[in-house]
Amino acid sequence: LLAMALHVSRDGFRGILLSGRPALAVVVANRNNALRAITADTSSKIEKAIEQCGANVLVMNPDDFSSGALVRACIDFVGRETVEPPLELKITASPCACSTHSHF
């Protein structure tokens with residue numbers, strides 16, 4: 001995932017991760033600020049996720065797709081126009097005003 005995050009953040013690429021545990025892979029991927037990972041099983045869900053969160057990583061379980069459908073979903077994902085993430089997902093560097101406790 002680190003290599004994927006580097007390419008996505010520096011080069012603006014999109015990544016596709018095949019995993020037998022896609023929900024877990026999405027959670028782990030989204031720990032990296034450069035990645036906005038989603039999982040979806042249809043083209044319409046992929047499109048909606050790209051629009052809603054500016055997804056740049058698609059996680060899929062290959063067992064859930066025929067080989068042709070898997071290839072089509074991957075081509076569809078990388079071929080979509082890049083969408084900026086919504087404000088809720090943009091990282092802000094403003095410090096906490098409370099400064100009375102640790103946030104880690």
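**Exercise 1. In this predicted model, list the residues that Asn 56 touches beyond four places in sequence, and characterise its setting.**

Step 1. Leaving out residues up to four places away in sequence, Asn 56 touches Val 8, Phe 13, Arg 14, Gly 15, Ala 34, Leu 35, Arg 36 and Phe 77.

Step 2. As for its place in the fold, Asn 56 is found in the loop between helix 3 (43-53) and strand 3 (57-60).

Step 3. The relative accessible area of Asn 56 is 6%, and because buried means under 20%, Asn 56 counts as buried.

Step 4. One of the residues it touches is Ala 34, and the side chain of Asn 56 reaches the backbone oxygen of Ala 34 at 2.9 Å.

**Exercise 2. Describe the order of the secondary structure elements and the contact pattern of the protein.**

Step 1. The protein has four helices and three strands, which run α-β-α-β-α-β-α from the N terminus on.

Step 2. Among the contacts with a separation of 6 or more, 57% are accounted for by residues 24 or more positions apart.

Step 3. For the burial of the chain as a whole, 32% of the 104 residues count as buried, while the accessible surface comes to about 7000 Å², with 57% of it belonging to carbon and sulfur atoms.

**Exercise 3. Identify the residues with the most contacts inside the largest nonpolar core, and state which elements supply at least two residues of this core.**

Step 1. The largest nonpolar core has 14 residues, and those with the most contacts inside it are Ile 38, Ile 46, Ile 50, Ala 55, Leu 58, Met 60 and Phe 77.

Step 2. Helix 3, strand 3 and helix 4 (67-79) each supply at least two residues of this core.

Step 3. A second, separate core of 10 residues includes Ala 5, Leu 35, Ala 37 and Val 57.

**Exercise 4. Determine whether Cys 53 is buried or exposed, and find its contacts beyond four places in sequence.**

Step 1. Cys 53 lies in helix 3, and its relative accessible area of 16% is under the 20% limit, so Cys 53 is buried.

Step 2. With its neighbours within four places in sequence left aside, Cys 53 is in contact with Arg 36, Ile 38, Pro 85, Pro 86 and Leu 89.

Step 3. Cys 53 and Leu 87 are 34 residues apart in sequence, and their C-alpha atoms are 9.5 Å apart in space.

**Exercise 5. Find the salt bridges of the structure and work out which residues are joined into one network.**

Step 1. A search of the whole structure finds three salt bridges.

Step 2. In one of them, the side chains of Lys 45 and Asp 41 meet at 3.1 Å, N to O; Lys 45 is partly exposed at a relative accessible area of 45%, and Asp 41 is partly exposed at 45%.

Step 3. Glu 47 forms a salt bridge with Arg 80, with the closest N and O atoms 3.4 Å apart; this pair links distant parts of the chain, since Glu 47 is in helix 3 and Arg 80 is in the segment after helix 4, 33 residues apart.

Step 4. Asp 76 also forms a salt bridge with Arg 80, here with the closest N and O atoms 2.9 Å apart, and through shared partners Glu 47, Asp 76 and Arg 80 are joined into one network.

Key: Residues are numbered from 1 along each chain as its sequence is written. This is a predicted model: local features need pLDDT of at least 70, side-chain atom pairs count only at pLDDT 80 or more; totals for chains, interfaces and linings use all residues. Side-chain values use heavy atoms; hydrogens and water are left out. Buried means under 20% relative accessible area, exposed over 50%, partly exposed in between (1.4 Å probe, protein chains only). A polar contact is a pair of N or O atoms within 3.5 Å; within protein, one must be able to donate a hydrogen and the other to accept it, and residues adjacent in sequence count only if both atoms are side-chain atoms. Contact means heavy atoms within 4.5 Å. A nonpolar core is a set of buried Ala, Val, Leu, Ile, Met, Phe, Trp, Tyr and Cys residues joined through side-chain atoms within 4.5 Å. Accessible areas come from the Shrake-Rupley method with a 1.4 Å probe; for residues, only the protein chains shown count as cover. A salt bridge is a side-chain nitrogen of Lys or Arg within 4 Å of a carboxyl oxygen of Asp or Glu.
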